[in-house]
Amino acid sequence: MNLNIHNASLTISAVSPRQYPPAGVPEIAMAGRSNVGKSSCINKILNRKSLARTSATPGKTATINFYNIDQQLFLVDLPGYGYAKVSRNEQEKWAAMINTYLTKRPQLKSVLLLVDVRHKPTAQDKVMFDWIRGAYGNVTVLATKCDKLSKTKVEEGLQLICQTLAMTDEDALIPFSAETGQGRDAVWQAIASLTNVVL
């Protein structure tokens, strides 16, 4: 049965495993720094304006948000990491929450790593990249905010991401823009290949 991406809703915002939705359908998580554009990405690929709450203030997503796509797939928005204005205690709490989900959710098929094309990936991006590689083999990276730079600068940013994360030919790097929709189809192809859902 083909996936109807328009049939999408927020099932729950969870902080612990007992709140996770019942097992049954595959899940794809989205990870990245605060303000990298995870919520905007979810809205764009689902053709929705405000299903995922976006904020001008980084660090607002303090829960794990499960979006049910046509009863066949969950897209999972993880709290952003690396936001300095959040207290260390809060950062550690979020890290534990993310780690619990990543390591204890058998139907999680992979994690898409979002990196801002305008900035060199951080040490935390590298840690997340290496974790995804260790858990799933290949890594799919979305280089967000490509509309903010010239084509030449985007190419330079993509090269820097590849080098900094030590990406290989088996990994995928998708230039993405939540403004223009660039990369949207490529993201869905990646999700389909990771989960076997039919688009």
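Predicted model: local features only at pLDDT ≥ 70, side-chain atom pairs only at ≥ 80, totals over all residues.
Which backbone oxygen does the side chain of R105 reach at 2.8 Å?

View 1. The side chain of R105 reaches the backbone oxygen of P21, at 2.8 Å. Leaving aside neighbours within four places in sequence, R105 is in contact with Y20, P21, P22, E27 and F66. R105 has a relative accessibility of 10% and therefore counts as buried, the limit for this class being under 20%. R105 and G137 lie 32 residues apart in sequence, and their C-alpha atoms are 17 Å apart in space.

**View 2. The largest nonpolar core.** This core comprises 33 residues, of which L78, Y101, L113 and V141 touch the most other members. At least two residues of the core are supplied by each of β2 (27-32), β3, β4, α2 (88-104), β5 (108-116), α3 (123-136), β6 and α4. The element that gives the most to this core is α2, with five residues.

**View 3. Contacts of L113.** Residues up to four places away in sequence are not counted in this view. Among the residues that L113 touches are A31, G32 and Y81. L113 also touches D125, M128, F129 and I132, as well as T140, V141, L142 and L165.

**View 4. A second, separate core.** This core consists of 27 residues. Its members include I69, L142, F176 and V187.

**View 5. D70, a residue with positive phi in the loop between β3 (64-69) and β4 (73-77).** Most residues other than glycine have a negative phi. The phi of D70, which is not a glycine, is positive and near 55°. D70 counts as buried because its relative accessibility is 12%, and the class requires a value under 20%.

**View 6. K145, in the loop between β6 (140-144) and α4 (151-165).** Although K145 is not a glycine, its phi is positive, at about 65°. Is K145 buried or exposed? With a relative accessible area of 18%, K145 is buried, since buried denotes a value under 20%.

Notes. Residues numbered from 1 in each chain as written. Heavy atoms only, no water. Helix = DSSP H or I, 4+ residues; strand = E, 2+ residues; numbered from the N terminus. Buried < 20%, exposed > 50% of the residue type's maximum accessible area, 1.4 Å probe, protein only. Core = buried A, V, L, I, M, F, W, Y, C linked by side-chain atoms within 4.5 Å. Contact = heavy atoms within 4.5 Å. Polar contact = N/O pair within 3.5 Å; in protein donor to acceptor, adjacent residues only side chain to side chain.
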